[in-house]
Amino acid sequence: METNSCLINVKGLCTYFYTDDGIVKAVDGVNLKIRRGETLGVVGESGCGKSVTALSIMRLIPAPPGRITRGEILYGENKEKSVDLIRLDSRGSKMRNIRGGEIAMIFQEPMISLNPVYTIGDQIIESIMVHQKVTKKEAKEHAIKMLDRVGISDPAQRVDDYPHQLSGGMRQRAIIAMALSCHPNLLIADEPTTALDVTVQAQVLELMKELQQEFGMAIMMITHNLGVIAETSDNVAVMYLGKIMEYASAHDLFHHPMHPYLQALLKSIPSIVGKGERLAMIKGTVPDPLSILRGCLFAPRCLEIKKICQSEEEPPVIEVEKGHQVKCWLYA
Amino acid sequence: MDKQNEILLEVKNLKKYFPITRGVFRRVVGYVKAVDRVDLFIRQGETLGLVGESGCGKTTLGRSILRLIEPTDGEVWFKTGKGKKLDITKLEDREIKSLRREMRMIFQDPYASLNPRMTVMDIVGEPLIIHKVAQGKEIEDRVRTLLKIVGLNPRYMRRYPHEFSGGQRQRIGIARALALNPRLVIADEPVSALDVSVQAQVINLLENLQVQFNLTYLFIAHDLSVVYHISNRIAVMYVGKIMEVGQAEEVYQGPRHPYTEALMSAVPVIDPDVKPERILLQGDVPNPANSPSGCTFHPRCRYAKKICSQEEPPLEDIGDEHYVACHFADDFSLKGIRQF
């Protein structure tokens, strides 16, 4: 994997929140690479830092209390032209052009991420006119074309509908249309199907796959649903308490899970195959992010704990196979 | 589950229509048919899973059975602990109160369903006070036992809900539901708000409690794998109506209703090398205020014929207590889960 072939290369990213109760290390030393046309899945339980990673790339971390304290987010395939997004002014024109124009994001809750007092057309037109030099009429035509492309029937009529007039699935389609209206290089999808029913989820995932092939964009798919990850992702990063525990191709990750956390997680999902069997459990819960843990963060819940796991030394990241990294003492 | 087991709950022709009103005089212009002529039964000691997409009426059905909302029409027969069969819909308020000891509910959102100003002791002990089954010191002892049963440390009984995690709160909700030794528990999306690792803990707990206390569950959820895991029988609901009911394995592996088939094909497969063949349903779930004529599923059904838009298919037993509401239940060979 050469650095210059990556569309986005996150190196050692640390995003901390300085709250009254203490420092929350929401993202703590994350490394990620996404190439053009590729889908990276980021999976983890709530509070693992997957959304904060996405918001850090978008430079949308609310400050204060949040701050990116360390790391680099190199954006751009060409090594000379690539920019470190962290060095840009988050309110500056350069970042604002990238945000929404070159890197777009779709959010989990389709009702909250649309403004209820504007029509969906207005909202798509706004994003087009911010990033492209077009007239309002052209922007509207483009908006209608995008709505048609994401499978909203009768788009010329629907463009004047308000969000409440659309169903959940339709709203998420409208949001996808908005995000893709400027042909971004990278689409960050934060739990795009979590609020949707399985049948609608299947429709939306299918649509995203089609559009990815059409536009050749990269996708960062953030979800807690391992099934969605398995269906969409080329590579997968498994996060736990702000750190990446395992990073591998989707095939390796699901066929040879290495980290005890991922192994336990996969066993704890009710499967259609093993009906009647007891579900494997991970003991305890995800620790409070304010608690200060040293060494391996998963050690208190781990079943394969060794002596070294309880030490204060952080487990190293080990490349067990080419492209398959795991952060665990078992493989050291 | 044995077919010999006696029927604990039988729902007959249950309806819940919410009126749509317009204008100053609140004139009724139509009805949202949230639950429309539902027939169901649950045997003693079994788990009946109820699945369907959001807005299909699962929750309304669950609540109508308990009369947390008044059903519009229909009968709900419940066999009490004393062996009497009662129609819940006809009971007076006082009678329903005593019956509610035997039928409890577990709610979806462990954050919204617990009163933030009450301690765990108050929350779990409240049903004991309301139904006058314990007093003073007894309440504390009973709460202590209940917390142990659901796997919480009784030391925490003076704490408030915000001091607990999502999974622990759901355990508090379960302890409260169990406080009066119920026989039927209606669990409405009890694990949907929980993380995967915690979800497994709660599912295992519910299974343990079922064996320990001989509980009967109506388990409502939209996660098809979770429902399959926990249920003996499964009912599939669509726009207020039951489309198919049968043994879990039969419904999932050999569905007889095209809607069940489409639902099964949409479940994500946790294997990146398997590329499932999807039946992508066209359009959206119809509005229950204006549901299609004939079979409610016909506009999205890929097998629909002329009769489907004209006549509503009844829910019929096609053998071995497998009920299907489709005109062509015997004609198609549909694919079940993991056969795509």
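Mentor: What follows is a set of questions about the terms used for this predicted model, each answered from its values.

Trainee: Why is chain A called as compact as a globular protein of its length?

Mentor: The globule rule gives 20 Å for 332 residues, and the radius of gyration of chain A is 21 Å, which is close to that value, so the chain is as compact as a globular protein of that length. Along its principal axes the C-alpha trace of chain A spans about 65 × 50 × 40 Å, and 49% of its 332 residues count as buried. Chain A holds 10 helices and 12 strands; of its contacts between residues at least 6 apart in sequence, 64% join residues at least 24 apart.

Trainee: Why is strand 3 of chain A called largely enclosed?

Mentor: A residue is buried if 20 or more other C-beta atoms lie within 10 Å of its own; 5 of the 5 residues of strand 3 of chain A are buried, so this strand is largely enclosed by the rest of the structure. Both of its faces are covered, with A:Thr39, A:Gly41 and A:Val43 buried on one side and A:Leu40 and A:Val42 buried on the other.

Trainee: What makes strand 6 and strand 11 of chain A edge strands?

Mentor: The open sheet of chain A has 8 strands in the order 6-7-8-3-9-10-12-11, with mixed pairing. Strand 6 (103–106) and strand 11 (317–321) each pair on one side only, and they are the edge strands. Neighbouring strands of this sheet are turned by 20 degrees against each other on average, direction ignored.

Trainee: How do you know that both faces of strand 6 of chain B are covered?

Mentor: Buried residues are found on each side of this strand (residues 103–106): B:Met103 and B:Met105 on one, B:Arg104 and B:Ile106 on the other. Strand 6 of chain B also pairs in the parallel sense with strand 7 (residues 184–188) of chain B over 4 bridges, and B:Met105 has B:Ile186 in strand 7 as its bridge partner.

Trainee: What makes up the side of chain B that touches chain A?

Mentor: Two residues are in contact if their C-beta atoms lie within 7 Å, and 35 residues of chain B are in contact with 36 residues of chain A. Helix 6 (196–213), helix 7 (224–230) and helix 9 (258–265) of chain B each supply at least two residues of that side, and helix 6 gives the most, with 7 residues. By class, the side of chain B that touches chain A has 19 nonpolar, 9 polar and 7 charged residues.

How values were computed
Residues numbered from 1 in each chain as written. Chains lettered and ligands numbered in written order. Predicted model: local features only at pLDDT ≥ 70, side-chain atom pairs only at ≥ 80, totals over all residues. Nonpolar A, V, L, I, M, F, W, Y, C, P; charged D, E, K, R; others polar. Buried ≥ 20, exposed ≤ 12 C-beta atoms within 10 Å, placed from the backbone. Pairing = 2+ DSSP bridges. Axes fitted to C-alpha atoms, helices over the stretch in contact; angles between N-to-C directions. Rg over C-alpha atoms; globule rule 2.2 N^0.38 Å.
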